[in-house]
Amino acid sequence: MSEKEKGESIETSEAEIAVHWAEEGFVYPSAQFIAQANMTDPAVYDRMALDKCPEYWKEYADMLTWYKYWDTILDTSDAPCYKFFKGGLINASYNCIDRHLAQYKNKTAIHFVPEPEDEKVEHITYQELYVRVNEFASILKNDLGLKAGDRVTLHLPMVGELPVTMLACARLGIIHSQVFGGFSGRACADRIVDSGSDYLITMDAYYRSGQLQDHKEKADIACDDAAKDGKKVKKVLIWQRYPGKYSAKTPLVEGRDLIINDMLKKHYGARIDPVQMPAEAPLFLMYTSGTTGKPKGCQHSTGGFLAYVTGTSKYIQDIHPTDVYWCMADIGWITGHSYIVYGPLSLAASSVIFEGVPTYPDAGRCWRIAQNLDVNIFHTAPTAIRALRKVGPDEPKKYTYHFKHMTTVGEPIEPEVWKWYYKEVGKGEAIIVDTWWQTENGGFLCSTVPAIKPMKPGSAGPGVPGIHPIVYDNDGNIVPAGSGKAGNICIQNPWPGMFQTIWGDRDRFVRTYFERYCKNPKSKDWRDWPYLTGDAAVVAADGYVRILGRIDDVINVSGHRLGTKEIESAALTVPEVAEAAVVPVKHEIKGKEPDLYIALKPGIKSTPELAKAISAAIVREIGAIARPRKVWIVPDMPKTRSGKIMRRVLGAISNGTDVGDVMTLANPEIVELITKMVQGEEGKPVIP
Ligand code: WT7
């Protein structure tokens, strides 16, 4: 890459400011864990070697119950849009519920833990889940007239009704698109419009840090904004947080809003046959941020997705039907779809859904839940682990739970935090898997197989069985394992969990994920289409992968992805703003936070009120998760001679690191001025 390109196309990437930890030694699983593990045969790696791809994916497909068995394991005729298990007919709701009834109908499928501790935990058995899903499916089919292939947007909080809604959609082949409950009405509107949903399913209210939040107000904003963008929502269906009582302050809109708990009365006892769906039919959309433009709808398939999450839940999460499994992610993110709902339920486990905040009302809350429900598998993100460690480093030992297995996901975990997780949360008894993957992938890409490979703090581990990572440099040369060099990590082969396309935008799908290292754009051979993950990584000589961070303009805040461009466009909705630039800044708990630089239009004065209004605009457009650490209103942005904002320089200033050579900038003097503004006169780094 030329110097010019370096300066202009790649600006601040997270990889450039990534932490570089020392290589840690191995930590071995206990004999006790190995004795009970689902996957203990090292030959699994030979069975799933690259030269046996794609045939080996049969092993995962065979964990499911098919109406009609598939005939083609992988159809590449439209590469890189693949079809797994072609010819097969299957239903995801049947696989997660009906097929377990004979053996497990009285076993808990879902433990719903409300945030208020004086509210009873709800234990939903597989039979009860079956009843609720059927009754709600009857509403979707008979009252709304929805059918296979229609899209429905869900904007639900962490409640038992969320998996009920998803599985009712899946029963009918309706494509669900769940929007993270913390996202704003505006963000929900974008997803309604993009997916073409006629209906929005929401809840009146939910608890967050002790407050019963009005959630219905977001539905009103979502419908108004969607209408402005040309999409009229026909009906809004509302679950009541307390059945029989409407708990939001926002009034119902006559003729549009319907209370599900009232509608259900006409559907008690209804039974809806699962629709036999082609394996490649879309199961759901999950929107995620990209480098440019609006969030993209990752389209996940029915058969492939379900096979992949079932297989990885069994081998990597080590889920048995007897386990009580708690993944503390939000179902509004992919982690929750794959590893709270579809994976664990497909394996007939008991899956915990917790409404609230892990540190509310105190640092012991999580461990009380674990103790009371006898949770033995725990799954969370480094952000939560850091927060729990900070507020209550000695809390876990006060409770008598025992985990056999723990997961970390979503961002790199510092070895020091890993060790606390291992020693204090896991009490030295639980194995840890550090799982690296993305919304696009459906399931894990890199992780250790817990009973086979030892753990290495700070490393995700090798590709999981059947996933074959490769690291390329910018010129397309392979960066060998053990070279100590970082590069762009790609996956060489297709896997059943990978998304099929970006909803309605095949070109963007190919461009974003495959164009860069494609060996022949006309090829129908998957070997010519390595999948670009967008992460930088280093592979050690032993094949363990260490993820350094994004190579594009995506920021990982609390393990969740935000596009810098998305935040910048939100800032630009404030009329006084001329230019906006977002850079990631390190944060003790969240990993990264967005720092926002603003240049105002000529003649406009910088005021604290204006900074507040800009911050508020971001919360309104995207949600509180995107709120910038600080809005820095600067007299001018550091720019190249061709006028491009140098985000790399701003990133260095925000993080108190070396700004490098700035003499080639059009306005080098501005760097010193902004540095003083951000770091203070003494040049104290923001991050100690
Ligand atoms: C990005 C994907 C699907 C998991 C939830 C986040 C980063 C994810 C790890 C990990 C280091 C990780 C990557 C990836 N990431 N897991 N174990 N170690 N980094 O999904 O919002 O689609 O974000 O999160 O940068 O590209 P997402």
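This is a predicted model: local features need pLDDT of at least 70, side-chain atom pairs count only at pLDDT 80 or more; totals for chains, interfaces and linings use all residues.
A nonpolar core is a set of buried Ala, Val, Leu, Ile, Met, Phe, Trp, Tyr and Cys residues joined through side-chain atoms within 4.5 Å.

**Stop 1: the elements behind the shell.**

**Stop 2: the oxygen atoms of the ligand.**
- Gln-438: an N or O atom of its side chain is 3.0 Å from a ligand oxygen.
- Arg-550: here the distance from a side-chain N or O atom to a ligand oxygen is 2.8 Å.
- Asn-556: a polar side-chain atom sits 3.1 Å from a ligand oxygen.

The ligand alone exposes 560 Å², and the protein buries 97% of that.

**Stop 3: the largest nonpolar core.** Select Trp-57 and Tyr-342. Among the 158 residues of this core, these two touch the most other members. Then pick helix α7 (residues 126–143), which gives the core nine residues, the most of any element.

**Stop 4: around Tyr-342.** Which residues is Tyr-342 in contact with, leaving aside neighbours within four places in sequence? They include Ala-92, Cys-96, Met-166, Leu-283, Phe-284, Phe-305, Val-309 and His-337.

**Stop 5: the second core.** Finish with Val-179, Ala-187, Ile-567 and Ile-625. They belong to a separate core of 40 residues.

Conventions:
Residues are numbered from 1 along each chain as its sequence is written. Side-chain values use heavy atoms; hydrogens and water are left out. A polar contact is a pair of N or O atoms within 3.5 Å; within protein, one must be able to donate a hydrogen and the other to accept it, and residues adjacent in sequence count only if both atoms are side-chain atoms. Accessible areas come from the Shrake-Rupley method with a 1.4 Å probe; for residues, only the protein chains shown count as cover. Buried means under 20% relative accessible area, exposed over 50%, partly exposed in between (1.4 Å probe, protein chains only). Helices (H or I, at least four residues) and strands (E, at least two) are DSSP runs, numbered from the N terminus. Contact means heavy atoms within 4.5 Å.
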